[in-house]
Amino acid sequence: METARPALAGWTIETGASKLTRSFKFESFTQAFGFMAQVALLAEKAGHHPDWSNSYNKVEITLSTHDAGGLTQKDVDLAQKISALV
């Protein structure tokens, strides 16, 4: 995953490279929820779904390929698509 680092600006590789995390902050709950709806469509299309939470205008996203026991190219690809939304 070291080669993916430049393409993952804003994301943190955590716990021995087993997951990617990023926090997003928006002007309002409506903007945060709209962002989540866009991410949901990307995730569904990719067949790869994030662990996430929302509190008012903040969205926390964690990506990991659970059946592979850590990060895979699926996580990197989805992170890049998510980042392109903001």
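1. Start with W11. Leaving aside residues up to four places away in sequence, W11 touches L20, T21, R22, F24, I61, L63, A79, I82 and S83. The model is a predicted one, and the points below should be read with that in mind.

2. W11 also matters for the nonpolar core. The largest such core has 19 residues, and W11, I61 and I82 are those that touch the most other members. Two or more residues come from each of β2, α1, β4 and α2. The largest share, five residues, is that of α1. As background, nonpolar side chains in soluble globular proteins tend to be buried together.

3. Next, the aromatic rings. There are four aromatic pairs in the structure. In one of them, F26 and F35, the ring centres are 4.9 Å apart and the planes meet at 40 degrees, so this pair is tilted. F26 and F35 are both buried. Together with W11 and F24, they make up one aromatic cluster.

4. A further aromatic pair is F29 with F33, also tilted, with 5.8 Å from centre to centre and 35 degrees between the planes. Both residues belong to helix α1 (residues 29-46), where they sit four residues apart, about one turn of the helix.

5. In general, the strands of a sheet pair through backbone hydrogen bonds, either parallel or antiparallel.

6. For a closer look at one pairing, take β1 and β2. These strands run antiparallel and are joined by three bridges. I13 stands opposite L20, a residue of β2.

7. Last, helix α2 (residues 73-85). How far does this helix reach from its first C-alpha to its last? The 13 residues of α2 reach 19 Å, close to the 18 Å expected at 1.5 Å a residue. Its buried residues are D75, V76, L78, A79, I82 and S83. Their cover includes β2 (19-25), α1 and β4 (58-63).

Conventions: Residues numbered from 1 in each chain as written. Predicted model: local features only at pLDDT ≥ 70, side-chain atom pairs only at ≥ 80, totals over all residues. Heavy atoms only, no water. Phe/Tyr/Trp six-rings, centres within 6.5 Å; stacked < 30°, edge-to-face > 60°. Buried < 20%, exposed > 50% of the residue type's maximum accessible area, 1.4 Å probe, protein only. Expected span 1.5 Å × (residues − 1). Contact = heavy atoms within 4.5 Å. Core = buried A, V, L, I, M, F, W, Y, C linked by side-chain atoms within 4.5 Å. Pairing = 2+ DSSP bridges.
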